Amino acid sequence: MHPSPDQLKRDNAQFIWHPMAHPGAMKKAAPDMIARGEGCWIWDVDGHKMLDGVGGLWAANLGHSNRRVRDAIVAQLDELPFYNVFRGTTHVRAVELSARLVKMMAPDEVGAVLFSSGGSDAVEGALKIARQYWKLKGQADRFKFISLRQGYHGVHFGGMSVNGNTNFRRAYEPLLPGCFHVDTPWLYHNPYTDDPVRLGEICAELLEREIVFQGPDTVAAFIAEPIQGAGGVIVPPDNYWPLVRKVCDKHGVLLIADEVVTGFGRAGAMFGTRLWGVNADLWCLAKGISSGYVPLGATAIGKKVAEVFDADATGAASVSHGYTYSAHPVAAAAALATLDVIEELDIPANAAREGAHLHERLASFTERFGFVGNVRGRGLMAGIEMVADKAARIPVPRTSDIPARVAREAYRRGLMVRISGPNMILSPPLVINRAEVDLMVDVLEQSFQAVQATL
């Protein structure tokens, strides 16, 4: 017999440490416990039905009950539940998925992929490959990484070191040496300008100045998200990524695109870099690659990088990195089925179309609600920033209960949302339809209005 909802809540408080949470806080206030999902909908253990405005966590792009992915998982469990891809062994699904991804990313000039278990792993792989690449090129002094403030690149020591948010770093310092940060092209919060074109130019110039200051012959790579997710859904000006590519090329620096969130359609294009016609040298992939059904990550390796590894005759190009569950057969099967559905349904186009409608409806929130300072995003990723002072653009402090109150109002009305600092972040499944988008915004309107009425 399954435990009762009350027993589950008691056990959760006693036995689980939750990521990004204080263990004591989870004992004082039980987290929302989700019991099942279907399509874009989820139900908690008390039977309360909600539209999933979080997409699991940027990941359930095909919703929670895609039959094709489910059947592929079950078939793979019957055929081969597990085998490794360490030196000397492989399995069928790993080969099929690697070929599929490289062909899918042919316009991006990808030459190979290295599989892992998730996004943090994919970032770790990219950072290691970048350093190893320069050693193979005879430029071992190129070990430094530059990244953006507000950037998020996972929770391994490498990823934390290039993260641009103190909250993810302070408890675990000292971190990896040789990591430096420059300002993000954040139109709402920057000390430079309200002109997006000029901001893109300034922030690209800041990157170049940091490269020059560090010494171009010491910088291995610049890593950034095409659109910053966890940092608050920060969309760069259209000129920024093309300018960054030029700066990296000028100084011989590798460009790493962290596409863990934006990959496979989230922002309205198959990959975020394609929004601006820019190719990276390494890509970090996860979440949408398997629609979150089974954990999987991948580091996609550009041809320029792959060719240097392939040409090595000394043995120094051996990749001394990987995980027991890299290219797990069940995860690979889930990914192959996911990619079939993404292409057949043109999921990126749906994200672009429904995302445009979402942003059109959310745009009025800054005028209608006194504590909403900014609404931003692209495709089916949106951030609503709540402020204490709209004129001065001062976010509500972390001690404010306003964001949590809005989230609870939404929950009660049948919508799951996510709060990160002063921001409400929306990332619903990419299969969401127009009626569901409208329902999501209707609930948000009611929830913000309910909180505003008490202020």
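The structure is a predicted model. The protein contains 15 helices and 16 strands. Its radius of gyration is 22 Å, close to the 23 Å that the globule rule gives for 455 residues, so the protein is as compact as a globular protein of that length.

**Overall build**

- The C-alpha trace spans about 70 × 60 × 40 Å along the principal axes of the protein.
- Of the 455 residues in the protein, 54% are buried.
- Among contacts with a separation of 6 or more, 72% are between residues 24 or more positions apart.
- The protein has an accessible surface of about 19,600 Å², and carbon and sulfur atoms account for 54% of that surface.
- There are 46 positive and 49 negative side chains in the protein. The centres of these two sets lie 3 Å apart.

- Strand E12 covers residues 381–389, and seven of its nine residues are buried, so E12 is largely enclosed by the rest of the structure.
- Strands of a sheet pair through backbone hydrogen bonds, in either a parallel or an antiparallel sense.
- Strand E11 (residues 372–378) runs antiparallel to E12, and six bridges join the two.
- E11 and E12 form a hairpin with two residues between the strands. Gly-379 in this hairpin has a positive phi near 60°.
- Strand E16 (residues 423–426) is also antiparallel to E12, with four bridges between them. Here Glu-385 has Asn-423 in E16 as its bridge partner.
- Strand E13 (residues 394–395) pairs with E12 over two bridges, again in the antiparallel sense. Asp-389 is bridged to Ile-394 in E13.
- The hairpin of E12 and E13 has four residues between its strands. Arg-393, in the turn of that hairpin, takes a positive phi of about 60°.

**The open sheet E1-E2-E3-E14**

- Four strands make up an open sheet in the order E1-E2-E3-E14, and the pairing in this sheet is mixed.
- Strand E1 (34–38) and strand E14 (415–416) are at the edges of the sheet, each with a single partner strand, so one side of each has no neighbour in the sheet.
- E1 is joined to strand E2 (residues 41–44) by four bridges, and the two run antiparallel. Ile-34 is placed opposite Asp-44 in E2.

**Met-270**

- Met-270 sits in the loop between strand E8 (254–258) and strand E9 (282–285).
- The relative accessibility of Met-270 is 14%; the cut-off for a buried residue is under 20%, so Met-270 counts as buried.
- Leaving aside residues up to four places away in sequence, Met-270 touches Met-104, Thr-262, Gly-263, Phe-264, Gly-265, Ile-342 and Pro-348.
- Leu-97 is 173 residues from Met-270 along the chain, and the C-alpha atoms of the two are separated by 17 Å.

**Backbone exceptions**

- Most residues other than glycine have a negative phi, and most peptide bonds are trans.
- The peptide bond between Glu-173 and Pro-174 is cis, with omega about 5°. Pro-174 belongs to the loop between helix H7 (157–162) and strand E6 (179–182).
- Lys-287 is not a glycine, yet its phi is positive at about 40°. Lys-287 lies in the loop between E9 and strand E10 (297–302), and with a relative accessible area of 23% Lys-287 is partly exposed.
- Ser-291, also not a glycine, has a positive phi of about 55°. The loop between E9 and E10 holds Ser-291, which is buried with a relative accessible area of 1%.

Definitions and conventions:
Residues numbered from 1 in each chain as written. Predicted model: local features only at pLDDT ≥ 70, side-chain atom pairs only at ≥ 80, totals over all residues. Heavy atoms only, no water. Rg over C-alpha atoms; globule rule 2.2 N^0.38 Å. Buried < 20%, exposed > 50% of the residue type's maximum accessible area, 1.4 Å probe, protein only. Contact = heavy atoms within 4.5 Å. Areas by Shrake-Rupley, 256 points an atom, 1.4 Å probe, with all protein chains shown as cover. Lys, Arg positive; Asp, Glu negative; His and termini not counted. Charge placed at Lys NZ, Arg CZ, Asp CG, Glu CD. Pairing = 2+ DSSP bridges.
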